[in-house]
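Colleague: I'm new to this one. Could you walk me through how to read it?

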2 protein chains.
Amino acid sequence: MNLDFLFYPRSVAVIGASNKEGKIGNSIMKSILREFNGKVYPINIKEKEVLGLKAYKSILDVPEKVDVAVIAVPAKFVPDVIDQCGQKGVKGAVVISAGFKEAGRADLEEELVRRARKWGIRLVGPNCLGVTNLENGFDCNFNPPERQARPHFGTIAFMSQSGAFGAAILDWAAKHEVGMSKFVSLGNMADLDESDFIEYLKDDEKTRVITLYLEGVKDGKKFLKAAKDTTKVKPVVVLKSGRTEAGAKAAASHTGSLAGSYAIYEAAFEQTGVLGARSMRQLFNFAKALAMQPPAKGDRIAIVTNGGGAGVMMSDGIIEAGMKIAELSEETKQKFERDIKEKKLPEHMSYKNPIDIIGDAPSTRYEIAMRYALEDPNVDALVVIALFQSPALDEGIVEKVAALQKYGKPIIFVAPGGEYPERMARRIEKGGVPVFETVEDGVDAVYALVKYGRHIYGF
Amino acid sequence: MNLDFLFYPRSVAVIGASNKEGKIGNSIMKSILREFNGKVYPINIKEKEVLGLKAYKSILDVPEKVDVAVIAVPAKFVPDVIDQCGQKGVKGAVVISAGFKEAGRADLEEELVRRARKWGIRLVGPNCLGVTNLENGFDCNFNPPERQARPHFGTIAFMSQSGAFGAAILDWAAKHEVGMSKFVSLGNMADLDESDFIEYLKDDEKTRVITLYLEGVKDGKKFLKAAKDTTKVKPVVVLKSGRTEAGAKAAASHTGSLAGSYAIYEAAFEQTGVLGARSMRQLFNFAKALAMQPPAKGDRIAIVTNGGGAGVMMSDGIIEAGMKIAELSEETKQKFERDIKEKKLPEHMSYKNPIDIIGDAPSTRYEIAMRYALEDPNVDALVVIALFQSPALDEGIVEKVAALQKYGKPIIFVAPGGEYPERMARRIEKGGVPVFETVEDGVDAVYALVKYGRHIYGF
């Protein structure tokens, strides 16, 4: 299923476009005009111009072809608007308007779908924030940027059954410099649902990881097939809420989703290779690791750290998440012993795993320890912990860790603390290695690479 | 046990003070001189002045009384330095120097303790970052501020068996604007141990919550007694690492701690009312909530939200953490029904708990919903979720949520997203209500208030 016409329209009509500040049709126009370079046709019965662009009374008056209609008129008018879109040859309609099934008007929603089917129009929504393509700036989201920032263009796609939560996630991703490819606010999923978008994103070259916030899938069988096909190609991460009875009740009154038993979801995720996240932070820890590093070919993890305590915590986290602390080979131990004897490495360091290169470690010492760990055939993935509070640790670490990706084994970097580690983190990430703020975030990250690796390589 | 002399010295000698950039004795001098207003005497065999202050060859040459000695000379000299401190009448010595038990020199450490006991000197360390009192700027920590920021003065005390991790936590707390009262890097705990500091902090008026990073307690019985006595007065939160076999092994080679079975620790925590945290973020979620809000008198939680999805996730989190979603009273339901009928509240909101006041909620709508929830006798604590991405939500929320603390029930605020929510969060916190970035952080926060409340009130 190719939905490129929805994400890469050449021309867009905004039905319900408005000059009035605070109106949704005004905010949507502004969002689209901010970055999008395609043609934009405001549709408004009364106005001659909207935000400086010539306005049309109906989409039928637009002199040129329209690929996508973004609809923000009261619900009761939407079916007729769809008919006009159909006559105009529109391929996709993003229905922002609320007032359908979620407001007790299942009948109106059915009518909407009937009309769209008649014309072969595919629908996003209704009752949603629409789509945002971070690549070309096609952004239907009516939240203003001063309230909800947009992330930069990156490789993580995100779709959300909750518009408000989706908006919060975009805002959060922007602040944390997590790049996104495409965002879809699924809304009521009257036509296109999560499985359709998963299938589309499977073949989207700009997307390396697909992430979802879901309260319930629309069609179980369809989801299983889409998920199974897609995880062969790229990772799919799902934050499923409504896991408890109380949560499921809340979901029923929110999106009308039958949340179903979480055990069934867990089994389905396991069977199809989907990664189930338990929290918003975990969703993005998983996604960031998978977007930047290759999956692991085994579950034996090496840790290099300049702080013993962080090494202990990381060991706990790795074991508690079901992975293994790598048993370093005899050869590796001998390399460390030799270097200690030759005073290239300090006497009181530990080369049991975690490899504790102690508090006064400069980046050259990191380089040796990281390299020995990666060269060890017993090591499948490396976690590097750097407590940058120690002034002994110089900025050479940035290039050194980037260069060690040549071994082809996944590397995760953990740098707890404040401003300085955060600056270093952004620099290290430019070299391709993802950096996490806490030990527990780092555990999530390496878990994702091992879990997806197990699905791909079957160890 | 009153250790005020260690945290509030009138005069300090820095033994090993240095003019040489990069030397620990230079960094410590700078740290102390940055804010501390007491007298500072640098001790250096060769120099006449250190950083502009008159230097003395020995502490015995200092013309006035010295309360605390901060010692940063090579380990082998430390026992003799302690003798000199004893002759001088010093009460406390902070031994920064490494090279004792952790380096295979248990004998030297025993000698150090023997000398200190002889003179009645209490020791912090050795092999530590010393103490930092955020109230008076007495700060022995040798990490420079550009690498490791110091948090502002607040009410959370923190002690750490790992110096490097402690430093990362201080840096992290500064960035996240978490205020601290006192920090202790415990080091080898040759003399003063975690239980001594817990007992001291129990009576410290500046500390509302005591937090610890521990790999193993030094004396189990002593810890049990200190913990039990202290949790009657204020909360104690412990992040215990070495929970797994691999973690315990790593701890043994790091601090030499016998980590022991975590099940035993868990039982001890349960019995004494200590809150066990599983991660760094959880430690501070617990601490921040407990520092700012009263403990809950029951486990029935109300949720007010402008986003349905976040309400579903919060419901899951509350149930999964062993708390209850409050069943609102008939009276409360009638109040909501009446207001909806009178169009004070919107038709499509939900007043089942979670109370979903939907995406276009202004602060006045929040005020009604929060108030009705807090007035309900079936509600023990309130979680407010605000998705500030919605431009409908005005800044009036800041004062409204602060005012509702008059009901005496704990309130936790969750504001996911980026820059704007963060700015609002800091303003809301000035009014006394703690704000968290994610749903899962908010779950931690309310859990801490319920868990500690259960210990205090026994529901």
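Modeller: Start with the two chains. Two copies of a chain are related by a rotation about an axis and a shift along it. Here, chain A can be laid on chain B with an RMSD of 0.0 Å by a turn of 180° and a shift of 0.0 Å along the axis (least-squares superposition on C-alpha atoms of residues with pLDDT of at least 70 in both). That is the relation of a two-fold axis. In chain A, the C-alpha of A:R281 is nearest the axis, 5.7 Å from it. As for the contact surface, 100% of the contact residues of chain A recur in chain B.

Colleague: What should I know about the model and its labels?

Modeller: This is a predicted model: local features need pLDDT of at least 70, side-chain atom pairs count only at pLDDT 80 or more, and totals for chains, interfaces and linings use all residues. Residues are numbered from 1 along each chain as its sequence is written, with chains lettered from A and ligands numbered from 1 in the order written.

Colleague: How many residues does each chain bring to the contact?

Modeller: Chain A brings 65 residues and chain B brings 65; contact means C-beta atoms, placed from the backbone, within 7 Å. On the side of chain A that touches chain B, α11(A) gives the most, with 10 residues (helices are DSSP runs of H or I, at least four residues, numbered from the N terminus).

Definitions and conventions:
Contact = placed C-beta atoms within 7 Å. Helix = DSSP H or I, 4+ residues; strand = E, 2+ residues; numbered from the N terminus.
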